[in-house]
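Q: I have a model open and want to learn how to read its features. Where do we start?
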Amino acid sequence: MKFTSSYPVITGDTEKLKHNAEVLTAVAAGHGVEIAGVVKCCCGSPEAAHAFTAGGCTQIADSRIQNLRRLRHCGISCPLWLLRLPMPSEAEETVRYADLSLNSSGEVLELLSRAAVKAGKIHQVLLMIDLGDRREGVQPGELEHLFRYAESLPGIYPAGIGTNLTCYGGIIPDEENMGLLSELAQKLERDLRRKLRYVSAGNSSAVKMLLEGRLPAGLNHLRCGESLLLGRETCNGEKIPHMFYDAFTLTAEVIESSVKPSFPAGTMQLNAFGEKPQIPDLGIRNRLLLGIGRADVNCDGIIPRQKGIRIPGASSDHLIADVEDCSLHFNVGDTLDFDLEYSSLLSGMISPYVSKKWLSPEVPPDYRGWKLLRTPFATEKRSFTSFCRIPEKSFFSALAQNCGTCSSLSTVASEVKKCLEERIRPLLWGGSHRVALELARGITSRSHRCGWIMFSAYSDFNTGKSGALTVEGMTLAAICGKTVISAPLEPPLPEENVVLIGVRSIDPQEKSRLQHSGIRVFTMEEIDRYGISEIMERALKSLNGINSLAVDFSMSVLDPEYTGSQDVPPCGLTLREGFCALELLSDSGKITGAAVTEIPDNGTAQKNAAALIRALLGKKILR
């Protein structure tokens with residue numbers, strides 16, 4: 001018996017989700033309609049979000065601030081929409097993580113205005129109208145008053161109007177209510193003398209009208225989740241042609257296989273859920289018991305993929321499968337696959353008891369090895385320090401013939417690009433922290449959705465206006481596009497793709513800037529409290545949406561005991577913690593390139609730097 005996974009598990013196929021998005025956005029574009037991909041059913045999954053944007057969705061939408069925060073931290077850089085009306089208590093977070101929110105309350109708009117002014121931002125809002133479903137939205141006659149009020153608030157930009165149908169009252173979009181939405185938009189544009197950026201006609205229930213070409217003119221936006229995830233519109237539940245309907249698979253494990261009567265014996269009363277069971281007597285049947293139940297997923301909305309299998313019912317922890325009419329034989333330890341309805345996908349993705357796995361279409365490059373590139377030990381051109389004083393010569397001897405020298409900082413980026421073109425990972429050795437910027441310049445031009453993990457005692461997030469004494473103190477800011485050193489980085493790394501580890505010295509200006517950035521920061525205080533293994537696990541999880549990784553390791557992150565530095569703050573990482581961190585990064589299999597920088601010009605520092613490089617390159621104690 002072979003156990004290969006943690007069950008139950010939901011497996012999502014991002015290639016199929018991308019295809020679904022391509023089909024729907026292509027149809028929508030033909031009618032002048034944009035699609036926002038809704039990922040709330042997947043708990044704000046970065047994998048689903050990346051698939052939707054790759055397929056043509058222009059925004060990503062979710063109903064939970066926690067999910068929007070996660071998406072930002074995982075590198076989703078397109079506009080994010082908050083679908084649920086903001087709670088007053090989350091006004092500041094709404095402005096921080098959502099580019100646009102749906103609104104119907106003047107009181108909440110005031111709170112969003114204050115938060116936007118405080119953050120120095122302009123927050124867009126979509127004002128909602130109730131067209132019959134009786135959930136959120138003002139009445140049509142109140143719309144213009146609310147819109148004009150929103151326009152008067154500082155920091156608020158009313159970008160358009162929208163409605164929502166089907167979700168509560170089951171009211172479907174039709175020519176009457178969609179026609180009214182179009183009329184309201186036209187009247188508002190005439191009265192305000194400006195165009196509305198968005199006239200959002202609702203959710204996947206409006207896809208049927210879109211496909212049939214019946215959406216009235218002027219409706220230019222839809223917020224779609226189920227149609228992209230499961231390939232069907234939600235007005236009648238019809239499948240959308242040319243889409244995948246099986247992008248998600250629920251797999252559960254058999255924990256009992258037996259032959260027993262189908263009808264319970266004894267006096268029947270209420271079951272554990274207060275229900276009076278209605279169980280037909282089908283005689284003696286082959287039955288399976290699966291390790292999944294109502295505590296894991298909505299069992300009423302799962303459909304076995306194998307023909308001849310019927311689901312009589314489920315309890316909290318067990319699912320019963322009747323396999324009498326199935327041509328296959330099942331043993332304990334075998335698994336069954338199921339398709340999911342929307343409610344079951346939602347409950348399963350939320351459940352902490354159901355594992356989640358994603359099939360990614362992106363295959364990492366097949367790198368042929370590493371190339372060492374020696375760089376200047378300071379910003380200005382100086383002599384190089386060779387590897388002659390580094391022990392473990394046998395380790396570096398294999399790389400000795402694949403070692404280059406960058407004559408100046410200006411040549412580093414081109415050397416990095418050349419390595420990547422030849423499917424070789426570049427490893428920069430020895431220079432000032434400015435080398436990291438040149439590594440980023442070379443990698444970001446070739447790697448899509450690159451993550452950046454920086455180990456340093458300092459954040460280097462100053463700008464030229466914030467009192468940085470040297471350009472080294474501006475390196476990370478330049479990598480994120482907040483300042484320019486030499487030349488702009490094109491494209492800059494999104495802040496949400498950056499993790500800073502081991503910092504223990506931050507300028508006051510940097511502290512404020514970091515707190516308002518998307519950079520994930522793990523200080524030495526957190527490393528002391530939780531341990532380096534836990535911190536690295538959190539760091540990699542926060543970069544869940546990236547497909548390549550650059551490692552920026554400044555020797556300043558280590559305690560001066562291991563580098564002989566006189567001007568580095570004490571209480572840094574131990575050498576063993578540095579080994580562990582780099583070993584875990586190597587095991588991730590995502591490293592595209594690395595820089596080990598700010599190495600003091602002494603034997604102790606270079607010996608330890610060489611040992612750290614061994615860990616980064618995947619050398620193990622037993623291999």
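A: Start with a loop. This is a predicted model. Arg-423 is found in the loop between helix 12 (412–421) and strand 19 (425–429).

Q: What is the phi of Arg-423?
A: First the general idea. Most residues other than glycine have a negative phi. Now the case: Arg-423 is not a glycine, and its phi is positive, near 55°.

Q: Is Arg-423 buried, exposed or partly exposed?
A: Arg-423 counts as partly exposed, because its relative accessibility is 38%.

Q: Where does Arg-134 lie?
A: Arg-134 sits in the loop between strand 6 and helix 6. Its phi is also a positive value in a residue other than glycine, near 65°. Arg-134 counts as exposed because its relative accessibility is 53%, and the cut-off for exposed is over 50%.

Q: Which residue takes a positive phi just after helix 5?
A: Gly-120 does, with a phi of about 70°.

Q: Which residues of helix 5 are buried?
A: They are Gly-106, Val-108, Leu-109, Leu-112, Ser-113, Ala-115 and Ala-116. Next, look at their partners. The buried residues of helix 5 pack against helix 4 (91–97), helix 6 (143–152), strand 5 (100–103), strand 6 (123–129) and strand 7 (156–163).

Q: Which peptide bond is cis?
A: The general idea again: most peptide bonds are trans. Here, Tyr-7 and Pro-8 are joined by a cis bond, with omega about -10°. Pro-8 belongs to the segment before strand 1 (9–13).

Q: How many disulfides does the count give?
A: The count comes to 0. Take Cys-42. Its closest cysteine sulfur is in Cys-41, 5.4 Å away, so the pair is too far apart for a bond. The cut-off is 2.5 Å. Cys-571 is in no disulfide either, as the nearest cysteine sulfur, in Cys-580, is 20 Å away.

Q: Are Cys-42 and Cys-571 buried or exposed?
A: Cys-42 counts as buried, at 2% relative accessibility. Cys-571 counts as exposed, at 56%.

Q: Which residues does Val-551 touch?
A: Locate the residue, then list its contacts. Val-551 is in strand 23 (residues 548–554). It is buried, with a relative accessible area of 1%. Leaving aside residues up to four places away in sequence, Val-551 touches several residues, among them Leu-439, Ile-453, Phe-455, Leu-582 and Ala-595. Now set sequence against space. Val-551 and Trp-452 are 99 residues apart in sequence, with C-alpha atoms 6.1 Å apart.

Q: Where does Ala-595 lie?
A: Ala-595 is part of strand 24 (residues 591–597). It is buried, with a relative accessible area of 1%. Its contacts, beyond four places in sequence, are Leu-428, Leu-439, Val-551, Asp-552 and Phe-553. Asp-317 is 278 residues from Ala-595 along the chain, and their C-alpha atoms are 50 Å apart.

Q: What do the totals for the chain say?
A: Read them side by side. The chain has 19 helices and 24 strands. Its C-alpha trace spans about 80 × 70 × 40 Å along the principal axes. Of the 623 residues, 53% are buried. Among contacts with a separation of 6 or more, 69% join residues 24 or more positions apart. The mean positions of the 68 positive and 72 negative charges are 4 Å apart.

Definitions and conventions:
Residues are numbered from 1 along each chain as its sequence is written. This is a predicted model: local features need pLDDT of at least 70, side-chain atom pairs count only at pLDDT 80 or more; totals for chains, interfaces and linings use all residues. Side-chain values use heavy atoms; hydrogens and water are left out. Helices (H or I, at least four residues) and strands (E, at least two) are DSSP runs, numbered from the N terminus. Buried means under 20% relative accessible area, exposed over 50%, partly exposed in between (1.4 Å probe, protein chains only). Contact means heavy atoms within 4.5 Å. Lys and Arg count as positive and Asp and Glu as negative; His and the chain ends are not counted. The place of a charge is taken as NZ of Lys, CZ of Arg, CG of Asp or CD of Glu.
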